[in-house]
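Thanks for coming. I will take you through one structure, starting with its sheets and ending with a few single residues. Please have the sequence and the model in view.

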Amino acid sequence: MTEQKFFAQPDETAWTELAPGNTRRVLIHTPELMQVEFGFEKGAVGALHSHPHIQVSYVAEGSFEVTIDGVTEVVRQGGSFIVPSGLVHGVVALKKGRLVDVFTPHRADFL
């Protein structure tokens with residue numbers, strides 16, 4: 001049985017470039033839960049998409065135009081949003097920023 005990881009340090013995982021100005025790194029995960037950090041340059045887009053996972057996102061830095069199920073709102077540093085399972089969602093970075101997302105269950109496609 002694999003030993004459960006309890007801690008993650010800032011530079012343990014490498015950033016993956018997803019698109020110009022858009023990066024991701026998985027911080028820590030279990031089969032039931034995953035924490036992921038996304039970096040965005042100003043104007044970068046997290047394209048509209050959906051997935052079966054429940055997602056909660058925290059705006060660690062910057063400001064984002066967030067669209068969930070056709071509803072759009074600007075979420076600034078310190079704000080959060082939830083994406084229920086299966087809803088179409090995406091973001092546009094209004095400023096350079098970072099999102100910290102938590103997924104349940106974990107996103108196997110990110111590993």
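Predicted model: local features only at pLDDT ≥ 70, side-chain atom pairs only at ≥ 80, totals over all residues.

Let me begin with the six-stranded sheet. This sheet is open, and its strands come in the order S1-S2-S3-S10-S5-S8, with antiparallel pairing. At the edges stand strand S1, residues 16–19, and strand S8, residues 80–83; each has a single partner strand, so one side of each is left without a neighbour in the sheet. From one strand to the next, the twist averages 25°.

Now look at strand S5, residues 54–61, which has two pairings I want to show. With S10, strand S5 pairs in the antiparallel sense over seven bridges. With S8, strand S5 is joined by four bridges, and that pair also runs antiparallel. Which residues stand opposite Ser-57 in these two pairings? In S10 the residue is Asp-101, and in S8 the residue is Phe-81.

Phe-81 brings us to the two faces of S8. Phe-81 and Val-83 make up the covered face of S8, while Ser-80 and Ile-82 make up the uncovered one.

Next is the four-stranded sheet. This sheet is open too, with the order S4-S9-S6-S7 and antiparallel pairing. Its edge strands are S4, residues 45–49, and S7, residues 71–76, each of which pairs on one side only. The twist here averages 20° from one strand to the next.

Within this sheet, strand S6, residues 63–68, runs antiparallel to S7, and six bridges join the two.

The phi angle of Asp-69 is near 55°, a positive value in a residue other than glycine. Is Asp-69 buried or exposed? Its relative accessibility is 53%, and the cut-off for exposed is over 50%, so Asp-69 counts as exposed.

Let us turn to the largest pocket. About 280 Å³ of space lies in this pocket. The lining has 19 residues, and those closest to the centre are Phe-38, Phe-40, Gly-46, His-49 and Asp-101.

Which strands supply the lining of the largest pocket? At least two residues each come from strand S2 (22–29), strand S3 (34–40), S4, strand S9 (89–93) and strand S10 (97–104). The largest share, four residues, comes from S4. Sorted by class, the lining has ten nonpolar, six polar and three charged residues.

Now the charged pairs. Side chains of opposite charge can pair when their charged atoms come close. How many salt bridges does a search of the whole structure find? The search finds five, and I will show you some of them.

Take Arg-25 and Glu-37 to begin with. Their side chains meet in a salt bridge at 2.8 Å, N to O. Arg-25 is in strand S2 and Glu-37 is in strand S3, twelve residues apart, and the pair links distant parts of the chain. Both of these residues, Arg-25 and Glu-37, are buried.

Another pair is Arg-98 and Glu-61, whose side chains meet in a salt bridge at 2.9 Å, N to O. Arg-98 lies in strand S10 and Glu-61 in strand S5, so this pair ties together parts that are 37 residues apart in sequence. Arg-98 is partly exposed, with a relative accessible area of 29%. Glu-61 is also partly exposed, with a relative accessible area of 29%. Through salt bridges that share partners, Arg-25, Glu-37, Glu-61 and Arg-98 are joined into one network.

A further salt bridge is formed by Arg-107 with Asp-109, with the closest N and O atoms 2.6 Å apart. Arg-107 is buried, and its relative accessible area is 8%.

My last stop is a peptide bond. Going from Thr-104 to Pro-105, the bond is cis, with omega near -10°. Pro-105 is placed in the segment after S10.

That is the tour. Thank you.

Notes. Residues numbered from 1 in each chain as written. Heavy atoms only, no water. Pairing = 2+ DSSP bridges. Axes fitted to C-alpha atoms, helices over the stretch in contact; angles between N-to-C directions. 1 Å grid on protein atoms, 1.4 Å probe; cavity = no way out; pocket = protein on both sides within 12 Å on 5 of 7 lines; lining within 4 Å. Points joined across faces, edges and corners; volume = space filled by probe spheres on them. Nonpolar A, V, L, I, M, F, W, Y, C, P; charged D, E, K, R; others polar. Salt bridge = Lys/Arg side-chain N within 4 Å of Asp/Glu carboxyl O. Buried < 20%, exposed > 50% of the residue type's maximum accessible area, 1.4 Å probe, protein only.
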